[in-house]
Amino acid sequence: MKRHTLVLASTVCTAALALTASACSASDDTVSGGGTAASAAKDDGPAVDGGTLRIGLDRPFTKLDPADSTLTSMPLMILANALYDPLMVNGDNGAVQPYLAKSFTPNADATAWTLELREGVTFSDGKPLDAQAVIDHVNRLAKPEAKCACAVDAAGIGGMTVNSPTSVGFTLKSPNAAFPGLFTRSLGYVSEAPAGADNPAVGSGPYTLESVQPGVSATLTRNPSYWGAKGHADKLVYKVLPDADSRYQSLRSGDADLVWAETPSQLKQAPADGLRVATGPGSTSTVVFNTKVAPFDDPRVRKALQYAVDRSAIEKVVYLDQGKVSDGPIGSTSPYRAQGTADYPAHDPAKARALLAEAGHSDLSFEYLVDSRPEGQQRATALQQMFAEAGVKMTIKPLDPANLGTAMFQRKFQVMDFVTSMFGDTDTALASLYMPDAPYNFTGWNNAKAGQAIAAGRSTVDPAQRARSYQEAAQEVVTDAPMLFLTENQVGFLASARTGGLPDVSKRTVVNVSPALLWVKK
Amino acid sequence: MTPTALRTAGRTAGRLGRAGAVLLLVTVTALSLPHLMPGSPALAALGPTATPEQVTAYEAKLGLDENVFAATWRWLGDALHGDLGHSLSTGVAVTTELADRIPVTLELFVAAQVVALGLALPVALRSAWRPGGAVDRIATAGAFVWLAVPGFVLGLLLIWITAVQLRILPATGWTPFTEDPLENLRHLVLPALTLGLTEAAVFTRTLRSQLIDTLDQTYISAARSRGMGTARLLLRRTLRPSSLPLVTLIGIGVGTSLGGSVLVESLFAVPGVGMLVSGAINGRDFPVVQGVVVVSAVAVVAATFAVDVLYRTIDPRIADERR
C-alpha cells in the first residue's frame, strides 16, 4: 500500500469510526475480491420446497404498485419480483433480455417495436395478461396521478396497438434502439390497477400478498395459478430493516435468511461469519459538478480535480479492494466496452495545481454535499485529503437523503457525491445523464458532440455502430469532466447458510433476483 | 364558588390558554414546513421527471396554493373532526398511521421506564445512603461510562451478545401484543433495554443528588434519632420528596418518545412513531410529519399537565406555597 494510501486509510477510518461501530472492522484475512458471488446454487444440493423465507429490506416500501419506482429499485426488486413478472430483465453485463416477454424487436430505424408475449399467462386474479393488459398498464403509469417516474419514458411512446392477444406494437416519437430497456423497471412490471387506494396492484408473479403494513413488513404466499415454475418457499416474509448494522446482525442471528447489503466491510466480513455472498457490480461512485455555476463552469477546474483524485486509493480504502476503479460512463462489463475504453487521466496532483493556476483558481475552495451515511463520509474524507494535496480546500456538508436529493434535483450545489446504479445500463445512463434536456442531467452539462453521439447511438440498431457512438460520447464525458468517476462497487445479497438457490450475479450490473428461485434448507 | 376555587379555576384557565398558544404555534410551524423549504417541495418529492400536472396536484395536496394561515385554519378545522390528512406516499389516513404506531412507541416507552426505574431506584438509594461508598463509586463511574456510550452502539452490543452469540432474543423486528404476547415481549426486551439503560444512568445521577440533599434535612435526622428503620426512612420519608425531578424527566420523556426514539426504532426495526416519521422525512411525506409533530406537541403539553398534578400529590407543600 502506498504511503499516502496508508495515511488516507487511517484518516478515513478515524472519520468512519465516529460514525459507525463496524466501519473498517473487516479483517484482512477474509475472502476478498470483486464479484465474490454466490458460491452458488450448484453447491446447494437438491432444492427444498416449503418453509418460510425471511428477507430483510434496506428501505421502506410504500405502495406495492410498480407505479412507485421505489418498488423497482434494485434493493426492492426481490419484493417486486415476487408479485410481478418483468417483461424484460438486465442479464449479465447489463444485457437486456426477455423474461415475461418472448421477444421485443424493432423495425429498421428503431421507431417501431413489436412485443411478443407468452401465451397463457394470467394475473393472480385469473384475468389474462395479454396485449391489452400491457397497454392498459403503460397507460396507467403514464398518467400524472400515477406519480410514476417512468412517465417520462412513457412520454416517448407515440402509440400502442394490439396486433394480436399476445402481440403489442409500439410506435415511438423518435428512434430509440434501447427501448426494451425501459421495460426492465416500472413500465415492464405489468399490473392491473389497484382496486382502491389501500389495495396493491394485481400482478402475475409467483407469489401473492397475504398481509402488509406499508413501510414495515409484508407476507406473501405462493400463487397457486402461477404460469411458470412454482416458488420453492411456501411463504415469503419481508421486513424493513433500515439500519445496515442491525440488518447484518439479524442475518447472523438467524432472524433473517437473506438481506440486501452494500456496506463494504460487511461484504468482506460475511464469508468469515459463515454467510453467503451474492454480489455484482451494481453501483458506481461519482462526483458531480454543477457546470452552471463558477468556477465549475470552467472545464480546466473540473479537469484539475479529476487529476487530483487517486481512484485506486479510494477503491482500497473505502471499498476495501472489493470493487474496481471506474474509468467512465461505460462500465467495465458493458457490452459497449468492446470498442475500447475512455482514456481516463491518471492521478497527478502537480498537473492539478498547474491547471488550477492556469484557470486562476489556485486557492479554490468549495462545499461538497454528501450522504450522511458512513460510506459517503468516508469517500468525502478521502477526497478532501486528495484535493488538499492539490491545494484545494473542500468543506464536507453531510445531508440526509431527502435533502441531498432536493439539492441535486434543483441543482442547488457546487459539487456533490453521487452513487448510482444507472451505469448498469449504459443506454439509459448516457441518455438520462448527459443529453442536454435529459431529466437527470444534474450537472447542467451541455455538450453538442456528446449529445449528437448519444442520439446517434440510440437511433441505430447496429450494436457495433451504437458502441462506437457511445464510446465517442463517453470520451467527451471523461475529457470535459462534468462528473468524476471513482469506483465500481459491489452490491447485492447476503444470505444465511440455510438459504439455497442463490444465483451467481457476479456479472450482473443490475442485481435482480427472483425469490421463487430460493429455498430454505431444513 | 370559594376564593380558593376561583384562584384554582383561574390558574387552570391560564395554563390551558398557554397550552393552546403553544399548540397553535407548533401547528403553524409544522404546517409552514412545505412553505419554508427552498425551491419547490413538489419537485423535491416527485423528482425531475414530474410533469406540471403532477406538480400542481402535489402542491394542492400540501396546501401550497393557499397561504400558511389559511392552510392552518383549514387543517385545524379538519383536525377537530379527526382528519389529519392522508399520507402522500401510501394514501393511508394519518390518523390511521398514528393509531397503528403510537401504541408500539408507548409500549416501548413504558418498558424503557420500567428498566430505567428498576435500575435507578435501588442504585440511587444505596448510593445516597452511603455517599462515597463502594456502590456509590461504582455507580457513579458506571453512569458516566454509560452516558458516554451512544445508544446505537449499546443497541448493537446488546444484539451481538443476546441475539448473535447467545441466540436467546431476536435481533430485530416486532410482533404485536395482540398477535402473540410472548413474542411481543421477546421483541420488546432489546429496544427497551437500549433506551432504558441510558435513561437509568440519567435517573440514577439525578435521584442520587436529590436523595443526598433530602437526607441532610433535619426531619430525616429526627426520624433517624427516633429509631426509624432504614428501609422505611428511605422509601417513605426520603424518596417521595426527592422524586420530583424524576417525575419531570419521565413527563418530558412521554412527549419526546413519540418523535425521539427514531434511532432505536430504526435500529431494531420497531414499527413505532419514530420509524414512521423517519420514513416520512426521507420521503417528504409532509402530512405525516405534520401529524407526528402536532401529536407530539399535544403529548408534551398533556404530560406537563400531568407532571404538575403529580407534583402537588407528591409534595403538597407546592400547592400550599401557591395559596
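Which residue takes a positive phi just after H3(B)? Gly63(B) does, at about 75°. This is a predicted model, in which local features need pLDDT of at least 70, side-chain atom pairs count only at pLDDT 80 or more, and totals for chains, interfaces and linings use all residues. Residues are numbered from 1 along each chain as its sequence is written, while chains are lettered from A and ligands numbered from 1 in the order in which they are written. Helices (H or I, at least four residues) and strands (E, at least two) are DSSP runs, numbered from the N terminus.

**Helix H3 of chain B**

- Helix H3(B) spans residues 52-62, and its buried residues are Gln54(B), Tyr58(B) and Leu62(B).
- These residues lie on the same side of H3(B), because they cover an arc of only 65° around the axis. The arc is that of the directions from the helix axis to the C-beta atoms.
- Pro52(B), Glu53(B) and Ala60(B) are exposed, on the face of H3(B) turned away from its buried side.
- A residue is buried if 20 or more other C-beta atoms lie within 10 Å of its own, exposed if 12 or fewer, and partly exposed in between; C-beta atoms are placed from the backbone.

**Four-stranded sheet of chain A**

- An open, antiparallel sheet of four strands runs in the order S4-S5-S7-S6 in chain A.
- Strands S4 (101-106) and S6 (157-164) of chain A are the edges, each pairing on one side only.
- From one strand to the next, the twist averages 20°.
- Helix H3 (residues 131-142) of chain A packs on the sheet and touches S5, S6 and S7 of chain A. Its direction makes about 160° with that of S6(A). Axes are lines fitted to C-alpha atoms, for helices over the stretch in contact, and angles run from 0 to 180 degrees between N-to-C directions.
- Five bridges pair S5 (residues 112-117) with S7 (residues 167-172) of chain A in the antiparallel sense. Two strands pair if DSSP finds at least two bridges between them.
- Glu116(A) has Ser167(A) in S7(A) as its bridge partner.
- S6(A) and S7(A) run antiparallel and are joined by six bridges. Thr161(A) stands opposite Gly169(A) in S7(A).

**A second hairpin in chain A**

- Strands S8 (residues 207-213) and S9 (residues 217-222) of chain A run antiparallel, joined by six bridges.
- Leu209(A) has Leu220(A) in S9(A) as its bridge partner.
- Three residues separate S8(A) from S9(A) in this hairpin. Gly215(A), in the turn, has a positive phi of about 80°.

**Nonpolar cores**

- The largest nonpolar core has 151 residues. Leu79(A), Leu115(A), Val259(A), Phe493(A) and Leu494(A) touch the most other members.
- Helix H5 (residues 94-129) of chain B gives the most to this core, with 13 residues.
- Leaving aside neighbours within four places in sequence, Leu79(A) is in contact with Leu57(A), Phe61(A), Leu71(A), Ala218(A) and Tyr238(A). Two residues are in contact if their C-beta atoms, placed from the backbone, lie within 7 Å.
- Another core, of 66 residues, lies apart from the largest one. Ala352(A), Val370(A), Trp445(A) and Ala467(A) are among its members.
- A nonpolar core is a set of buried Ala, Val, Leu, Ile, Met, Phe, Trp, Tyr and Cys residues joined through C-beta atoms within 7 Å.

**Contacts between chains A and B**

- In chain A, 38 residues are in contact with 36 residues of chain B.
- H5(A) gives the most to the side of chain A that touches chain B, with six residues.
- By class, that side has 17 nonpolar, 11 polar and 10 charged residues. Ala, Val, Leu, Ile, Met, Phe, Trp, Tyr, Cys and Pro count as nonpolar, Asp, Glu, Lys and Arg as charged, and the others, Gly among them, as polar.

**Backbone exceptions in chain A**

- Most residues other than glycine have a negative phi, and most peptide bonds are trans.
- Leu320(A) has a positive phi, near 55°. Leu320(A) counts as buried because 21 C-beta neighbours lie inside 10 Å.
- Ala481(A) also has a positive phi, near 55°. Ala481(A) lies in the loop between helix H14 (463-480) and strand S17 (483-495) of chain A.
- The peptide bond from Ala294(A) to Pro295(A) is cis, with omega near 0°.
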